Amino acid sequence: DDPKGLAERDGVLFVADKTRVLKVDREGRVSVLAAASAFPQPTRFLNDLAFGADGELYVSDSGDLQNGGLGAIFRVAANGAVSLVVNEAANPAVKSPNGLLADGPGRLLVVDFASGELLRLTLASGATEKLADGFGGGDGLARDAAGMLYISDWKGGKVWKLALGQPGAKPVLYPLAFQAAADLTLAADGQHLLVPDMKAGTLVWLLK
């Protein structure tokens, strides 16, 4: 109905569809993996999907995108069972989580749409560490083979890169301006980012 995030594993595509998670098999058959009723709290705006290092699927709920807040992150098991990892009530830093990315065993990187902060989330405890900020309406996260992290800002129409593994590294802004830079990914050539500009209705190949 209103698809946002995508994730793929073994030829199966998973889709965040606002209040539920769908899956599409190799033959194109669509089924509901996790209905809205499977979530332990009402879903408002399921957004990004990512597999963690543990092989589990995680989905962000960006909550109230107009005012910020009421967000959450959930774990979705292969059988469709859903459990809460963290929400704003448990951790105020998790306001409107959007982009998710695996960050080694037991951790996810999260960029928050409301605060513009890049967070490192510990899955077991729900605790977060702020790694950087200033990303406006933080949307997408991607990382290349060298460990360079890429972040998009939907509100500001910007894309950054950040050498997260280097102490003291600061985000570097790409000079190209977008109307609304949404979730981004690496192209198969490993040399370009694919950045959808939602308001322009375009897909931009951006040289890393």
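Which side chain does a polar contact of 3.4 Å join to that of Arg143? The partner is Asp103, whose side chain makes this contact with the side chain of Arg143. The model discussed here is a predicted one. The chain has 19 strands and 0 helices, and its radius of gyration of 16 Å is close to the 17 Å that the globule rule gives for 208 residues, so the chain is as compact as a globular protein of that length.

**Overall form**

- Along the principal axes, the C-alpha atoms of the chain fill a box of roughly 45 × 40 × 35 Å.
- Of the 208 residues in the chain, 47% are buried.
- Among contacts with a separation of 6 or more, 37% are between residues 24 or more positions apart.

- Arg143 belongs to strand 13, which covers residues 138–143.
- Arg143 is partly exposed because its relative accessible area is 29%, a value between the 20% limit for buried and the 50% limit for exposed residues.
- Asp103 lies 40 residues from Arg143 in sequence, and their C-alpha atoms are 10.0 Å apart in space.
- A polar atom of the Arg143 side chain also lies 2.5 Å from the backbone oxygen of Ala102.
- Beyond its neighbours within four places in sequence, Arg143 is in contact with several residues, including Leu101, Leu109, Met148, Tyr150 and Leu186.

- An open sheet is formed by 4 strands in the order 1-2-3-4, with antiparallel pairing.
- Its edge strands, strand 1 (6–9) and strand 4 (30–34), each pair on one side only.
- From one strand to the next, the twist averages 30 degrees.
- Strand 3 (residues 21–24) pairs with strand 4 in the antiparallel sense over 4 bridges, and Lys23 stands opposite Ser31 in strand 4.

**Nonpolar cores**

- The largest nonpolar core has 16 residues, and Val21, Phe39, Leu49, Leu57, Val59 and Val76 have the most contacts inside it.
- At least two residues of this core come from each of strand 2 (12–16), strand 4, strand 5 (46–51), strand 6 (57–61) and strand 7 (72–76).
- A second, separate core has 13 residues, among them Ala50, Tyr58, Ile73 and Ala93.
- Apart from its neighbours within four places in sequence, Leu57 is in contact with residues that include Ala7, Phe14, Val21, Leu33, Leu49 and Val76.

Key: Residues are numbered from 1 along each chain as its sequence is written. This is a predicted model: local features need pLDDT of at least 70, side-chain atom pairs count only at pLDDT 80 or more; totals for chains, interfaces and linings use all residues. Side-chain values use heavy atoms; hydrogens and water are left out. Buried means under 20% relative accessible area, exposed over 50%, partly exposed in between (1.4 Å probe, protein chains only). Contact means heavy atoms within 4.5 Å. A polar contact is a pair of N or O atoms within 3.5 Å; within protein, one must be able to donate a hydrogen and the other to accept it, and residues adjacent in sequence count only if both atoms are side-chain atoms. Two strands pair if DSSP finds at least two bridges between them. Axes are lines fitted to C-alpha atoms, for helices over the stretch in contact, and angles run from 0 to 180 degrees between N-to-C directions. A nonpolar core is a set of buried Ala, Val, Leu, Ile, Met, Phe, Trp, Tyr and Cys residues joined through side-chain atoms within 4.5 Å. The radius of gyration is taken over C-alpha atoms; the globule rule is 2.2 Å times the number of residues to the power 0.38.
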